[in-house]
Every structure is written in structure tokens, then in C-alpha cells.
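Open the structure in your viewer and keep the selection tool at hand. The stops below go from the whole chain down to single residues.

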Amino acid sequence: MNWLAAGILCWAGLFAALQPIHFFADQDWVQPAVMVLLVLALLVILNGLRRWVTRWSAITYRRVLIGVILLIGVTQLIVAWQFVDVGRADAYFVRNQAIVLAQGRHHWNDYFLVYPNNVNFTLLEAALIKLGLSLGLQTPWVALNISRFLWLDTGLAAGLVIIKHWQRWQPGALALAVTWLLSVPIYAFGLFAYTDALVMPLTVDVLALAYLAKRTFGWRQLVLGWLGLGLVALGVAMKANLIVLWLALILSLMVAVWQQCVTWTWLVRAVVALGLGIFGMQLWAHQSGYQKQAAVALPTTSWLAMSLNPKLAGQYNATDMQLIRQQPSAAKKQQTAQKLIRQRLTKMGVWGSLTHLFAKFRVFWATGDFDSFKLTTQWLRAPTWYLQGQRAWQFWLVTGTQVGFLALLLGSIWTLVTPSHYRFGISLLALMIVGLTLFHVGLWEVEARYALPLLPVLMLLGINGWMTIPVWQPQRRKLVSCLAGWLTIFSFISILQTSQNRSQTSQIVARQGNGAYFTATSQALQPGQTKTLLIPTSGVSNQVQLLPVTKKGRVCLTISTRQGLVRQVTGTPNQLAQVTYPRTAQRQLYLQLRNIGQSAVNYSVANANYQQTTGQLLKRPQASWRYYIVNTHAAVTLTRTSTIGLMLGAVLVAVLGSVWYRPRAD
């Protein structure tokens with residue numbers, strides 16, 4: 001099993017280095033040669049740091065480790081306060097429904113009749129919001145951010161327990177803490193109110209509890225064991241793909257029973273815990289007013305049909321969903337999905353199916369940020385410096401994350417192919433890698449974020465690999481330094497060309513994009529009626545885009561700021577869907593739209609239970625108009641030349657420091 005997992009990671013490394021996914025923030029990539037060079041540079045730096053840290057005294061090491069852990073907490077608090085997500089797509093519906101439940105109402109949106117898989121997490125989110133309301137928090141989103149970070153950090157605590165059990169404490173514990181501190185997905189999913197953050201640390205949490213239970217006896221062992229089984233049941237109840245963790249645990253327990261390490265009663269307890277978890281969530285949903293309707297819900301086969309759609313490499317497909325959803329009964333939905341499955345398998349054939357599986361594998365494994373920048377497109381709160389330079393920031397964050405991801409893959413492969421005394425733990429992690437890959441690549445719909453539970457797994461395996469791989473002792477230091485210098489120049493030129501080729505001519509400085517996913521909603525503007533929008537922006541703007549549903553009619557759009565009128569224009573809703581106005585640096589725009597025609601006109605809106613600009617909870621749904629405020633400008637490069645030089649200069653200094661570091665023992 002370990003070798004199979006290592007083979008999967010080898011292919012993942014090839015795709016991640018040579019063919020990463022181009023989507024949203026992941027559209028700007030350095031050239032593969034530069035990516036490989038940066039990975040080599042990181043490995044050299046890690047080698048030097050390992051030689052240095054292993055010579056620290058225990059007291060020094062403990063102090064630095066505590067300092068890094070405190071820095072993690074402070075950084076997460078700052079991020080939780082400064083960045084507050086609006087919620088989009090599924091997370092938007094979950095948040096709206098959770099507010100309704102927290103306010104004591106039991107009416108469920110039709111979305112949850114179609115997607116019952118999101119009911120359980122909505123109940124949990126509602127309980128947290130209700131707790132926040134009881135504490136006087138009318139906008140509890142920062143508190144929820146903090147709670148998600150605290151939950152994610154159980155993965156760090158569990159990782160430290162495992163590192164200690166594997167006897168890799170120095171420098172393994174510090175390596176894990178620093179990796180956690182610098183991990184972009186930790187921050188991205190800590191801000192994203194959906195199931196991903198909940199399930200991410202579960203694998204390592206369960207393994208750490210297993211190790212702790214192994215050291216104890218009696219009631220303590222029972223408590224730790226039931227806690228671990230309860231976490232697995234929670235994961236399965238919240239996200240269906242966590243059934244892989246339950247199966248991996250069952251297989252591991254069966255081996256442990258055969259080796260007489262545990263009794264067969266733990267297998268029974270695992271089954272009982274899963275049953276109780278699923279039954280408990282169903283009972284909670286029923287008490288909260290939810291009634292599942294088989295005639296409305298998408299059948300399991302609909303996800304299998306989507307997974308076989310080659311147009312989007314097995315990713316979620318709204319066209320497939322609508323085709324199956326519009327069928328009048330559960331039987332018709334099932335028949336339609338099964339028909340799609342048969343048609344696609346027949347059309348692709350054997351070779352086409354294999355090609356499709358490779359495409360799905362690439363989606364699942366090729367992006368080291370696990371779709372971190374695909375999660376959120378609009379914010380209730382975010383620093384201006386980030387919003388104004390968002391694409392440049394994301395370019396460097398994506399690059400750094402991909403380099404770190406590749407280094408973790410290499411370390412994980414080394415761990416999996418070398419003998420170890422800790423076969424139970426490593427085999428459980430290997431089972432998760434193989435199982436989750438087979439589940440999403442071979443069977444289910446696929447997205448990069450579905451691999452998120454494997455991030456802590458890769459951290460542990462990768463760091464263990466970094467700690468056990470033979471130490472490189474640089475010999476021809478001058479030659480290596482000269483080569484590093486020339487390769488830095490090559491990388492500088494390559495990234496500069498990438499920056500120039502990926503120039504940008506526009507930037508969105510404000511948006512309200514909710515209201516189109518699942519069911520499009522609109523609001524009518526009656527003859528003589530006026531709608532006024534107050535829109536905060538993050539910078540200079542000169543264009544507004546509205547989304548009319550009605551194309552004909554007669555409307556008047558007035559754009560103004562605190563300093564006065566900017567532009568007034570009259571036309572049909574379709575003609576005024578995009579209006580350019582004199583550039584203004586004012587951070588608040590007033591849009592006034594008046595229907596001067598003889599018939600009503602409709603515009604796309606989101607009917608939300610919270611303000612889409614402030615996050616304030618509402619007693620009843622309020623329409624928030626969809627819009628985009630844009631700054632169009634002359635082409636500017638992706639990132640500054642000075643920034644490229646600064647980044648690569650820092651890498652070169654770190655590499656040279658690692659090469660020329662000579663401890664006395666050497």
C-alpha cells in the first residue's frame with residue numbers, strides 16, 4: 001500500500017511541476033523549469049536548516065518552537081480579523097440557512113432539498129451563530145473565523161503528537177510548526193465557511209488519538225478511542241468522501257486485531273459510532289424542520305454522471321445538474337443520470353476513459369493550494385493593500401505554495417518507500433492517499449479542494465522524509481555558488497517575461513456576485529420607481545456593470561460621489577449594463593437607477609439574510625443587487641521587477657547561507 005501511495009505522489013509531482021491547473025488565481029504560473037529550480041533551492045535551504053537546528057540545545061529549541069506557535073496564533077488572529085468572507089455558491093446558501101435556523105425559524109430553502117448533503121454542516125453553523133447571538137454578536141463572522149482556526153490547529157497539535165511518537169521531535173516539530181505558519185491553505189480555508197475546514201485535520205487527529213490511546217489503559221483508553229471514532233463519524237456525516245477515512249480505519253483495525261494489538265470489540269465500536277453519528281444528525285435535522293424529499297434530491301448517480309463529463313475533467317457541471325434536476329420524479333432523475341453514465345462510457349471507450357482519469361487526476365493533485373484562491377471572490381472586510389494588488393499577491397503566494405507542495409511530495413515519497421518502525425501510522429496515512437484518490441479520480445466528482453484532508457498527511461510524511469533523507473554535505477562550494485547565481489539570473493529573466501506576458505488591463509474594485517448560483521433571483525423596478533445603491537470600493541474606478549434580466553425598457557442611471565455628479569446616462573437596461581464614467585478615486589459610489597419607461601424592468605439580485613457589504617444579520621431577506629465596479633487602465637505587468645529581484649535575491653542568500661554553513665562538527 002505504501003508503494004502504491006508513493007506511485008500516486010510521483011504522478012502528482014509530475015503534474016504539479018509540469019502541468020498545474022490554470023484557473024482563477026492559479027492562472028499565472030512560472031515556467032516549469034523555474035518551478036523545478038525553486039524546489040531544488042528549497043531542498044538545499046531545508047538541508048542547511050536541518051544541519052543547523054539539530055545542533056541547538058534543548059532549551060533553545062523549545063523556546064523557538066514556542067515562539068513559532070505563538071506567532072501562528074497571532075497571525076491567525078490578525079487574518080481572522082482583517083479578512084471576512086461574504087460567502088459564495090454553496091457557502092452562501094449554508095450561511096443564509098444557518099441564520100434562519102439561528103433566529104428560530106425552521107423554513108428550509110429549496111437548495112437543501114436538492115443538495116441534502118449540506119444539511120448537517122448547516123445545522124452546526126446555525127448552532128455556532130446562535131451561540132454568537134446569545135453572546136451579543138450581531139455580526140459573528142470574525143468569531144466564526146477564529147473558531148475555524150482553532151479547529152484547524154487541532155491538526156497542528158495532533159501533528160506534534162505524531163512527530164514526537166515517531167521520534168522526529170528535533171527538528172521535526174519546528175519544521176511542522178513553520179510549515180503550518182507559512183501554509184496558505186490553512187489561512188484560506190480558515191476563512192471559508194464550509195465543510196472543508198471541518199474535515200481537514202481529522203485524519204491526523206484520529207491518528208494522534210490512536211497513539212495516545214495506545215499509551216494508556218482502562219477508562220482513559222476508552223475515552224480517547226471513542227473520541228477518535230466520534231471524529232470519524234462526524235467527518236462522514238459532514239462530508240461523504242470521509243467514508244474513506246472510516247474504511248481506512250476499519251482496515252487498520254482489522255490488521256491490528258490479526259496482530260493481536262487490539263481486540264475485535266473496537267471494530268464493533270467503529271460501526272456503532274458511525275451509525276450513531278449518522279442517526280444523530282438525521283434526528284437533529286428532523287427536529288430543525290428539515291424533511292428530505294427523494295423526488296427533489298439529486299441521486300447519487302448524478303455525481304457519477306458529472307464525474308464522467310470530459311468537458312470539465314469530471315468537475316461540477318451546472319448543465320448536468322440542471323438536466324437531472326428538472327426531471328419530475330426520483331425514478332426519472334435516476335434514469336437520466338444512468339443514461340448519461342452509459343452514453344459517456346460508451347463514447348469515451350477504454351482509451352478515452354483512461355485519458356479522462358488522467359485529466360481528473362490532474363485536477364485533484366496538480367494544485368498545491370487546493371483551490372485556496374477559488375473559494376472567495378468578494379469580502380465583507382479585507383485590507384486595501386491586498387485588494388489593490390490582489391493578482392500580484394496571489395501570484396507569489398501560489399508560486400510559494402506550489403514549491404512547498406512539491407517539496408512535501410518529495411519528502412512523502414521518501415517516507416513511503418523507506419522502511420519504518422511506525423507501520424500502523426504510516427500505513428493509515430497511505431490508505432488515505434490511495435483511498436481519497438480512488439474515490440474522486442475513479443468514482444466521484446473532482447475538485448482540488450477535495451484533496452484538502454491530505455494536506456496534514458503530506459505535511460507529516462513530507463517532514464518525516466526531510467528528517468530521514470541523508471544530509472547533503474556541500475563539497476565544491478564555489479562551483480555550487482556560481483551555479484546558483486547563474487540559475488537565479490535565468491529565473492529572474494523567465495519570471496520577468498511571465499510578468500510581462502501576463503499583463504492586466506482591468507481590475508475589479510467592488511462586486512456583489514451572489515444571486516446567480518443554483519437559482520437566479522431578480523427584483524422588479526416598477527415605472528417611476530428609483531433604486532439607490534451605496535457601493536464601497538477598494539480603489540480608483542471608471543466602469544460599472546449591472547446585470548439586467550429585462551433587456552428592453554427605459555432607465556436612467558446616475559453615478560455620483562460625495563463630491564458630486566460623475567455621470568448620468570439614459571437608455572435601455574441592456575445598453576446600460578456596462579457604463580464607463582470619468583475616473584474617480586472616491587471610495588464610495590452612489591448609483592441611482594430610475595425606471596422612466598412604461599413597464600417594469602428586472603435586475604439580478606441576491607435575496608440574503610445578511611447584508612452583502614457589512615455582514616449585518618437581517619430579520620427578513622433583503623435584495624442585494626448584483627454589480628461589478630471596475631478600473632480599466634493601460635496594461636501593467638503582473639508584478640514589479642524590483643519585487644522579482646527581491647524575492648529571488650532572498651532565495652539566493654538563503655541557498656548560499658545553507659551551502660556555506662560550516663558547523664564546528666563538520
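Show the surface first: the protein's accessible surface comes to about 30,300 Å², and 63% of that belongs to carbon and sulfur atoms. Accessible areas come from the Shrake-Rupley method with a 1.4 Å probe, and for residues only the protein chains shown count as cover. This is a predicted model, in which local features need pLDDT of at least 70 and side-chain atom pairs count only at pLDDT 80 or more, while totals for chains, interfaces and linings use all residues. Residues are numbered from 1 along each chain as its sequence is written, and side-chain values use heavy atoms, leaving out hydrogens and water.

Switch to the cartoon. The protein has 23 helices and 13 strands; these are DSSP runs numbered from the N terminus, helices being H or I of at least four residues and strands E of at least two. The radius of gyration is 27 Å, close to the 26 Å that the globule rule gives for 666 residues, so the protein is as compact as a globular protein of that length. That radius is taken over C-alpha atoms, and the globule rule is 2.2 Å times the number of residues to the power 0.38. Along the principal axes, the C-alpha trace spans about 85 × 60 × 60 Å.

Now colour by burial. Of the 666 residues, 53% are buried (buried means under 20% relative accessible area, exposed over 50%, partly exposed in between, with a 1.4 Å probe and protein chains only). Contact means heavy atoms within 4.5 Å. Among contacts between residues at least 6 apart in sequence, 82% join residues at least 24 apart.

**Stop 1: the cores**

Which residues have the most contacts inside the largest nonpolar core? Select Tyr 115, Trp 166, Phe 364, Trp 365, Leu 416 and Ile 433; the core that holds them has 178 residues. A nonpolar core is a set of buried Ala, Val, Leu, Ile, Met, Phe, Trp, Tyr and Cys residues joined through side-chain atoms within 4.5 Å. Apart from this core lies another, of 25 residues, among them Val 544, Val 566, Val 579 and Ile 629. Go back to Phe 364: leaving aside neighbours within four places in sequence, its contacts include Leu 436, His 440, Val 446 and Tyr 450.

**Stop 2: two loops between helices**

Select Lys 239, in the loop between helix H12 (218-238) and helix H13 (243-258). Is Lys 239 buried or exposed? Lys 239 is buried, because its relative accessible area is 12%. Not counting residues up to four places away in sequence, Lys 239 touches Thr 195, Asp 196, Val 199, Arg 449 and Tyr 450.

Next select Gln 327, in the loop between helix H16 (318-325) and helix H17 (330-365). Gln 327 has a relative accessible area of 18%, so it is buried. Beyond neighbours within four places in sequence, Gln 327 is in contact with Lys 332, Lys 333 and Thr 336.

**Stop 3: the backbone**

Select Gln 170 and Pro 171: the peptide bond from one to the other is cis, with omega near 10 degrees. Pro 171 is in helix H8 (residues 169-182).

Gln 167 lies in the loop between helix H7 (141-165) and H8. Gln 167 is not a glycine, yet has a positive phi of about 60 degrees. With a relative accessible area of 61%, Gln 167 is exposed.

Finish at Ala 89, in the loop between strand S1 (84-85) and helix H4 (90-102). Phi of Ala 89 is near 55 degrees, a positive value in a residue other than glycine. Ala 89 counts as buried, at 18% relative accessibility.
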